[in-house]
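Work through the exercises below with the sequence and the 3D view open. Try each task before you read its solution.

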Amino acid sequence: MEAGDTVLIAFDSTQQALRAEMLLEYADIEIDTRPTPKEITAGCSLSIELPFAQYDQARAILRSQQVEIRGYYRQFDGLYEPIDESGQRSAT
């Protein structure tokens, strides 16, 4: 997966990260569990990276299962930035 074509999900707890990993794997979403990048402030050192093409599906699964996340991020100009539901830079 290339960085610009992926979404990174950050979490506040390891428990929520592991729960999300299990749910997304069960849904056959291609994921990589990896350390949370330094520029993302999160309470958990684990993040999940997945293809941008599967962002909507993953977001729907995590929302329906009430998984608590810190946020969704994509790389723009080499830095991770929060994204909105359409996958674009978040206004906040």
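The exercises below concern a predicted model.

**Exercise 1. Helix 1**

Task: Find which residues of helix 1 are buried, and say why they line one face.

Solution: 
- Step 1. Locate the helix. Helix 1 covers residues 14-26, 13 residues in total. From first C-alpha to last, helix 1 reaches 18 Å, close to the 18 Å expected at 1.5 Å a residue.
- Step 2. Pick out the buried residues. They are Gln 16, Ala 17, Ala 20, Leu 23 and Leu 24.
- Step 3. Look down the axis. The buried residues of helix 1 fall within an arc of 130°, so they line one face of the helix.
- Step 4. Turn to the face directed away from the buried side. Exposed Gln 15, Met 22 and Tyr 26 sit there.
- Step 5. Find the packing partners. The buried residues of helix 1 pack against strand 1 (6-10), strand 3 (46-51) and helix 2 (55-64).

**Exercise 2. Helix 2**

Task: Repeat the analysis for helix 2: which residues are buried, and what do they pack against?

Solution: 
- Step 1. List the buried residues. Helix 2 buries Tyr 55, Ala 58, Arg 59, Ile 61 and Leu 62.
- Step 2. Check the arc. Seen down the axis of helix 2, these residues fall within 165°, so they line one face.
- Step 3. Look at the face turned away from them. That face of helix 2 carries the exposed residues Arg 63 and Ser 64.
- Step 4. Name the neighbors. Strand 1, helix 1, strand 3 and strand 4 pack against the buried residues of helix 2.

**Exercise 3. Strand 3**

Task: Which strands pair with strand 3, and in what sense?

Solution: 
- Step 1. Start with strand 1. Strand 1 and strand 3 are antiparallel, with 5 bridges. Thr 6 has Pro 51 of strand 3 as its bridge partner.
- Step 2. Go on to strand 2, residues 32-35. Strand 2 pairs with strand 3 over 4 bridges, again in the antiparallel sense. Here Pro 35 has Leu 46 of strand 3 as its bridge partner.

**Exercise 4. The cores and Phe 11**

Task: How many residues has the largest nonpolar core, and which have the most contacts inside it?

Solution: 
- Step 1. Count. The largest nonpolar core has 20 residues.
- Step 2. Find those with the most contacts. They are Phe 11, Leu 24 and Leu 50.
- Step 3. Trace the suppliers. Strand 1, helix 1, strand 3, helix 2 and strand 4 (71-76) each give at least two residues to this core.
- Step 4. Look for another core. One of 5 residues lies apart, and its members include Leu 8, Ala 10, Tyr 73 and Tyr 80.
- Step 5. Focus on Phe 11. This residue lies in the loop between strand 1 and helix 1. Its relative accessible area is 0%, under the 20% cut-off, so Phe 11 is buried.
- Step 6. Compare sequence and space. Phe 11 and Arg 70 are 59 residues apart in sequence, yet 4.6 Å apart C-alpha to C-alpha.

**Exercise 5. Positive phi**

Task: Where do Gln 66 and Asp 77 lie, and are they buried or exposed?

Solution: 
- Step 1. Most residues other than glycine have a negative phi.
- Step 2. Take Gln 66. Its phi is positive, near 55°. Gln 66 follows helix 2, in the loop between helix 2 and strand 4. At 65% relative accessibility, Gln 66 is exposed.
- Step 3. Take Asp 77. Its phi is also positive, near 55°. Asp 77 lies in the loop between strand 4 and strand 5 (79-82). With a relative accessible area of 73%, Asp 77 is exposed.

Notes: Residues numbered from 1 in each chain as written. Predicted model: local features only at pLDDT ≥ 70, side-chain atom pairs only at ≥ 80, totals over all residues. Heavy atoms only, no water. Expected span 1.5 Å × (residues − 1). Buried < 20%, exposed > 50% of the residue type's maximum accessible area, 1.4 Å probe, protein only. Arc of directions from axis to C-beta. Contact = heavy atoms within 4.5 Å. Core = buried A, V, L, I, M, F, W, Y, C linked by side-chain atoms within 4.5 Å. Pairing = 2+ DSSP bridges.
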